[in-house]
Amino acid sequence: MEEVTEGVNNLAITETHKKNRIQVSNTKKPLFFYVNLAKRYMQLHNEVELSALGMAIATVVTVAEILKNNGLAVEKKITTSTVDVKDDSRSRPMQKAKIEIVLGKTDNFDELMAAAAEEREAAAANKAE
């Protein structure tokens, strides 16, 4: 286990990886994991970039719409493209659809997040009684 940790710590992160990018999968994590992660990224970086390939595109769009409908985010940029994905079982690469959505904080983002935190604390206090 120590070798794995050491290997991860020694990895060189390339500049193409953005600190505020979330690469969404439709199989690995539940939807609201990505919603909550995007909120945290927006708190830290003021904007978040959601990225997905293929079938996960629907998940990215849903996450973006939840954040927008709750008044937490505004759309800054949407980019669609296709990328070549190598598949070991095939000799030639497959084309997959890709989407990137950049969301920024709304003017009242911080107030909404503070109100939600107060509600959670009140609910926890009521549960403890």
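## Starting at Val24

Let's start with Val24, which touches Tyr34, Ser51, Ala52, Ala56, Thr59 and Val60, leaving aside residues up to four places away in sequence (contact means heavy atoms within 4.5 Å). Val24 sits in the loop between strand 1 and helix 2; helices (H or I, at least four residues) and strands (E, at least two) are DSSP runs, numbered from the N terminus. Is Val24 buried or exposed? Val24 counts as buried because its relative accessibility is 8%; buried means under 20% relative accessible area, exposed over 50%, and partly exposed in between, using a 1.4 Å probe and protein chains only. Val24 and Leu53 are 29 residues apart in sequence, and their C-alpha atoms are 8.0 Å apart in space.

## What kind of model this is

This is a predicted model, where local features need pLDDT of at least 70 and side-chain atom pairs count only at pLDDT 80 or more, while totals for chains, interfaces and linings use all residues. Residues are numbered from 1 along each chain as its sequence is written, and side-chain values use heavy atoms, with hydrogens and water left out.

## The chain overall

The chain has four helices and four strands. Going along the sequence, they come in the pattern α-β-α-β-α-β-β-α. The chain has 129 residues, and 26% of them count as buried. Take the contacts between residues at least 6 apart in sequence: 69% of them join residues at least 24 apart.

## The sheet

In what order do the four strands of the open sheet stand? The order is 1-2-4-3, and the pairing is mixed (two strands pair if DSSP finds at least two bridges between them). Strand 1 (21-23) and strand 3 (73-85) are at the edges with a single partner strand each, so one side of each has no neighbour in the sheet. On average, neighbouring strands here are turned by 20° against each other, direction ignored; axes are lines fitted to C-alpha atoms, for helices over the stretch in contact, and angles run from 0 to 180 degrees between N-to-C directions.

Helix 2 (residues 31-45) packs on this sheet and touches strand 1, strand 2, strand 3 and strand 4. The direction of helix 2 makes about 140° with that of strand 2.

## Strand 2 and its partners

Strand 2 is mostly covered, with five of its seven residues buried. Strand 1 and strand 2 run parallel and are joined by three bridges; Ile22 has Leu50 of strand 2 as its bridge partner. To get from strand 1 to strand 2, the chain passes through helix 2, and this β-α-β crossover is right-handed (with the strands pointing away from the viewer, the path from the first strand over the helix to the second runs clockwise).

Strand 2 (residues 47-53) also pairs with strand 4 (residues 94-105), this time in the antiparallel sense and over seven bridges. Glu47 stands opposite Gly104 in strand 4, and Ser51 has Glu100 of strand 4 as its bridge partner.

Glu100 lies in strand 4 and counts as buried because its relative accessibility is 18%. Not counting residues up to four places away in sequence, Glu100 touches Arg21, Glu49, Leu50, Ser51, Lys77, Ile78 and Thr79. A polar contact of 3.4 Å joins the side chains of Glu100 and Lys98; such a contact is a pair of N or O atoms within 3.5 Å, where within protein one must be able to donate a hydrogen and the other to accept it, and residues adjacent in sequence count only if both atoms are side-chain atoms.

Which residue forms a salt bridge with Glu100, the closest N and O atoms being 3.6 Å apart? That is Arg21; a salt bridge is a side-chain nitrogen of Lys or Arg within 4 Å of a carboxyl oxygen of Asp or Glu. The pair ties together distant parts of the chain, with Arg21 in strand 1 and Glu100 in strand 4, 79 residues apart. Both Arg21 and Glu100 are buried.

## Other salt bridges

The structure holds seven salt bridges. One of them joins Glu75 and Lys68, with the closest N and O atoms 2.4 Å apart. Glu75 is partly exposed because its relative accessible area is 41%, and Lys68 counts as partly exposed at 25% relative accessibility. Another joins Lys105 and Asp110, with the closest N and O atoms 3.3 Å apart; Asp110 counts as partly exposed at 46% relative accessibility. Salt bridges with shared partners also link Arg21, Glu49, Lys98 and Glu100 into one network.
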